Amino acid sequence: MGHNLKYPVGCRISWCGEEFEVLENYNDYNGTVKQGNNVITNFYFCYQGEEAIVISE
């Protein structure tokens, strides 16, 4: 893979005031995240102009 991802697996992100844990990052465009017991398999890190922010790695 050779490059560092902006949203590394295991980090916590904030998007629109909600927190998620990154489970998989396919290409810094989308991935799989977890919020509580809910898993979102096609999560977009940037959607409608709102970009996710890494809050802990």
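Select Cys46 first: with a relative accessibility of 40%, this residue is partly exposed (between buried, under 20% relative accessible area, and exposed, over 50%; 1.4 Å probe, protein chains only). The model is predicted, so local features need pLDDT of at least 70 and side-chain atom pairs pLDDT 80 or more, whereas totals for chains, interfaces and linings use all residues. Residues are numbered from 1 along each chain as its sequence is written, and side-chain values use heavy atoms, without hydrogens and water.

The cysteine sulfur nearest to that of Cys16 belongs to Cys46 and lies 9.9 Å away.

Now move to Tyr47, a residue of strand β5 (residues 46-47); strands are DSSP runs of E with at least two residues, and helices are runs of H or I with at least four, numbered from the N terminus. Tyr47 is partly exposed, at 44% relative accessible area.

Finally, display the whole chain. It has 0 helices and 7 strands. Its C-alpha atoms fill a box of roughly 30 × 25 × 20 Å along the principal axes. Of the 57 residues, 26% are buried. Among contacts (heavy atoms within 4.5 Å) with a separation of 6 or more, 32% join residues 24 or more positions apart.

How values were computed: Disulfide = S-S within 2.5 Å.
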